[in-house]
Amino acid sequence: MAALPKMRQLGCLRSIIRTQDAIPSHMSRRFISTAYTQKPERIPLPPNLPKQFLSQLPSRMQPEAAPKPIKIYPAPASTRKVCKNPVAKVTEMQLASLDPKGERKALFDYRRNPRSVKPGDIVRFTFKNGDPFNGVVLSIKLRGIDTSVLLRNELTRVAVEMSIKVFNPNVQAVEIVQRAERKPRRARLYYMRDRKHDRRSVENVVAAYVRQKRAFLGGNRQRR
């Protein structure tokens, strides 16, 4: 059966559409571009030119409009070679000003000093402003200038915990009231928060320590 003329026209149209789709889009577009021309160099003015002729020149050709040289400053000296670890240097300077003799640092360095404060001891902190605070040492965090101690006590039948910065300028004195009966097996005694292991109030122990201290100091004064 021969194809009808209408079918032939439709087939030709489909072939034309296919050929147009095969052409990439970037090839079917046209672009307009201009040639790049460099900026003309500045023509120097003739020497010994009278000043009355300078007013006739355009502003872009005036001597003041000439490009001035850019000042290039040398880079500052790097302090990386002088101080390779600035954070450690600043920490050392702060420790030297807050603890010049190193006594406070040795008092809480329980890893190296056998006579230092250890977890489980009862410690008394005296401040320049405010009442002293007594408590059992639950943990000691050695963080350089940010070394802190966590104390636990019971005030008016309410458990109270206080984290004190060791090198705080407000801390006037630190006293070890009572040592732990036995060396604890843990560095953090958080289990003492349970009712079974809670030490509860330590005010009676601290009060006896203060009376003994006053009696000792008073006896020494009388002997002198």
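This is a predicted model: local features need pLDDT of at least 70, side-chain atom pairs count only at pLDDT 80 or more; totals for chains, interfaces and linings use all residues.

Visitor: OK. Is Thr-156 buried or exposed, then?

Guide: Thr-156 counts as exposed, because its relative accessibility is 75%. Thr-156 sits in the loop between strand 3 and strand 4 (158-165); strands are DSSP E runs of at least two residues and helices H or I runs of at least four, numbered from the N terminus.

Visitor: Let's step back into strand 3. Where does Glu-154 stand, buried or exposed?

Guide: Glu-154 belongs to strand 3, and it counts as buried because its relative accessibility is 13%.

Visitor: Which side chain does the Glu-154 side chain make a polar contact with?

Guide: The side chain of Arg-200, at 3.4 Å. A polar contact is an N or O pair within 3.5 Å; within protein, one atom must be able to donate a hydrogen and the other to accept it, and sequence-adjacent residues count only if both atoms are side-chain atoms.

Visitor: What else is Glu-154 in contact with?

Guide: Setting aside neighbours within four places in sequence, Glu-154 is in contact (heavy atoms within 4.5 Å) with Ala-159 and Ser-201 as well as Arg-200.

Visitor: New topic: how many residues are in the largest nonpolar core?

Guide: The largest nonpolar core has 17 residues, and Phe-108, Phe-125, Val-137, Val-149 and Leu-151 have the most contacts inside it. Such a core is a set of buried Ala, Val, Leu, Ile, Met, Phe, Trp, Tyr and Cys residues joined through side-chain atoms within 4.5 Å.

Visitor: Which strands supply at least two residues of this core each?

Guide: Strand 1, strand 2 (133-141), strand 3 (148-155) and strand 5 (171-178). There's also a second, separate core of 10 residues, with Leu-138, Val-177, Met-192 and Val-206 among them.

Visitor: Tell me about Phe-125. What is it in contact with?

Guide: Beyond four places in sequence, Phe-125 is in contact with Phe-108, Pro-132, Phe-133, Leu-151, Ile-164, Val-171, Ala-173 and Val-174.

Visitor: Last one: where does Lys-118 lie?

Guide: In the loop between helix 4 (103-107) and strand 1 (122-127). Lys-118 is partly exposed, since its relative accessible area is 24%.

Visitor: What does the side chain of Lys-118 reach?

Guide: The backbone oxygen of Ser-116, at 3.4 Å. Leaving out neighbours within four places in sequence, Lys-118 is in contact with Tyr-110, Asn-113, Val-137 and Ile-140.

Visitor: How many residues separate Lys-118 and Arg-179 in sequence?

Guide: They're 61 residues apart in sequence, and 8.2 Å apart in space, C-alpha to C-alpha.

Methods:
Residues are numbered from 1 along each chain as its sequence is written. Side-chain values use heavy atoms; hydrogens and water are left out. Buried means under 20% relative accessible area, exposed over 50%, partly exposed in between (1.4 Å probe, protein chains only).
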